[in-house]
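Open the model in your viewer and keep the selection panel at hand. The tour goes from one selection to the next and says what to look for at each stop.

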Amino acid sequence: MADATPTRAPEGATGVLVLASGDVIWGRGFGAEGEAVGEVCFHTAITGYQEIMTDPSFEGQIITFTFPHIGNVGANHEDVEANHAHALGCIVREDVTAPSNFRAAEGFDSWLKARGKIGLAGVDTRALTRRIREGGAPNGVIAYRADGRFDVEALLAKARAWPGLEGMDLAKEVSCEAHHGWEGGVWELGSGYTSPLPLAGGAGGGQAPESRADLKAVPTPSPSRKREGNVPHVVAIDYGSKHNIFRNLVKAGARVTVLPATATFDDVMAQSPDGFFLSNGPGDPAATAEYAVPVIQKMLETDKPLFGICLGHQLLALAIGAKTTKMFQGHRGANHPVKRLEDGRVEITSMNHGFAVERETLPENARETHVSLFDGSNCGLELTDHPAFSVQYHPEASPGPQDSCYLFEKFVGMLG
Ligand SMILES: NC(=O)CC[C@H](N)C(=O)O
């Protein structure tokens, strides 16, 4: 890593990462040309780069993949967790090779390019990861120019001017615009996405990929259809949700209606829910809390069950008076062990968070249910006076292990 001086790119370098500290890391650009500023984090998952790039929780972040071979199974139309790619870009060790997989529809390079996302290859990702582990997740700019001409001073100024994720509300920006019904279950080998509920227009085989427009075309079931066929109705608040959460709720037997992050309590109740779901999402939970917490507090005044994941967990904690804090480097990977305190069982989980709930601030009516076996941080809570619980990790996997899928069944089972 060299000091930031306005230099020409070294021979062959078409991409660069400029950190706010002044570190300049050269590499080879791929995907879309351009530049983007955000927080640089690292992710330890070995598979699932498409799900990771499309996870809306990564809005505002540039992902360093610690696994050296990223992109070699290409990209397909199914492994997406939202209708857009949300991570700003990715940093990888080896160049992306031609895809080799029966499911690949195109290369990872062209997939990123079509979504305006920047890739940087040829980086010593171990050194960068060590830097993040020791110094915390830095702000930085990732840039790709095929002609290799960069104004490093300007990129550095941009990295330094970026205010950082703390205090930033991004949920509103990635949430859906209007409420819609969710259709479609989980993916299965051989059949693709299952569709336990009929799809709009009679199309079978799961929701169309990467098309929020298609989702909007699905008529929202009228509240009068609530409990139709004894299917419990979950109203989910979309703070930047991953699709696999909704697929798992459907698999567990629920009907799901998705509402925007800014939905009011009246909007929620107009859907006649049997239970509430609070989704994952990007940014600082304390910033999103300004409009989310009053709604959640009203939800807790009803007798209906509530379940939250990741940002949803943090927002539930804030709604009951606890506090959240920015973590030093965050947790992002598909192998994070978590201990379930009730019986000591260990769940290997998928994680992606940069903020955490401060356990000491949990009120008397909340009980900690899960802790991280990596650093002891809080990973779950339940209320003792209300049927509400939440987890910091991602039981829906995508990517990652499915040890914690039982939580969807637990929640839907509570809906009575
Ligand atoms: N995956 C998530 O929901 C992330 C929550 C929050 N934005 C965090 O980084 O901690």
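Why is helix 7 (residues 243-251) largely enclosed by the rest of the structure? Eight of its nine residues are buried, so the rest of the structure largely encloses helix 7. Buried means that 20 or more other C-beta atoms lie within 10 Å of the residue's own; exposed means 12 or fewer, partly exposed is in between, and C-beta atoms are placed from the backbone. Helices (H or I, at least four residues) and strands (E, at least two) are DSSP runs, numbered from the N terminus.

Two notes before moving on. Residue numbers start from 1 along each chain as its sequence is written. The model is predicted: local features need pLDDT of at least 70, side-chain atom pairs count only at pLDDT 80 or more, and totals for chains, interfaces and linings use all residues.

**Stop 1: around helix 7**

Select the buried residues of helix 7: His 243, Asn 244, Ile 245, Phe 246, Arg 247, Asn 248, Leu 249 and Val 250. Now show what covers them. The cover includes strand 8, strand 11, strand 12 (255-260), strand 13, strand 14 and helix 11 (406-414). Just after helix 7, click on Gly 253, which takes a positive phi of about 110 degrees.

**Stop 2: the whole chain**

Zoom out. The chain has 11 helices and 19 strands. Of its 416 residues, 50% count as buried. Colour domain 1 (15-161) and domain 2 (171-414) separately. These bounds come from an automatic or database domain assignment. The C-alpha centres of the two domains lie 27 Å apart.

Where they meet, 26 residues of domain 1 are in contact with 32 residues of domain 2. Contact means that the C-beta atoms of two residues, placed from the backbone, lie within 7 Å. On the domain 1 side, select strand 3 (34-43), helix 1 (49-54) and helix 3 (125-135), the elements that give two or more residues to it. Strand 3 gives the largest share, three residues. By type, this side has 10 nonpolar, 10 polar and six charged residues. Here Ala, Val, Leu, Ile, Met, Phe, Trp, Tyr, Cys and Pro count as nonpolar, Asp, Glu, Lys and Arg as charged, and the others, Gly among them, as polar.

**Stop 3**

Two strands pair if DSSP finds at least two bridges between them.

Zoom in on strand 11 (residues 233-238) and strand 13 (residues 275-278). They run parallel, joined by four bridges. Pick Val 234 and look across: its bridge partner in strand 13 is Gly 275.

**Stop 3: the nonpolar cores**

The largest nonpolar core has 58 residues. A core is a set of buried Ala, Val, Leu, Ile, Met, Phe, Trp, Tyr and Cys residues joined through C-beta atoms within 7 Å. Select Ala 236, Leu 249, Ala 254, Val 256, Leu 315 and Leu 316, which have the most contacts inside it. Centre on Ala 254. Leaving aside neighbours within four places in sequence, Ala 254 is in contact with Val 231, Pro 232, Val 234, Leu 249, Val 412 and Leu 415. Apart from this core lies another, of 51 residues, among them Val 18, Ala 36, Ile 62 and Ala 85.

**Stop 4: strand 2 and its partners**

Select strand 2 (residues 24-31). Seven of its eight residues are buried. Strand 1 (residues 15-19) runs antiparallel to strand 2, with four bridges. Val 16 stands opposite Trp 26. The two strands form a hairpin with four residues between them, and Gly 22 in the turn has a positive phi of about 105 degrees. Strand 6 (residues 118-121) also pairs with strand 2 in the antiparallel sense, over four bridges. There, Phe 30 stands opposite Gly 119.
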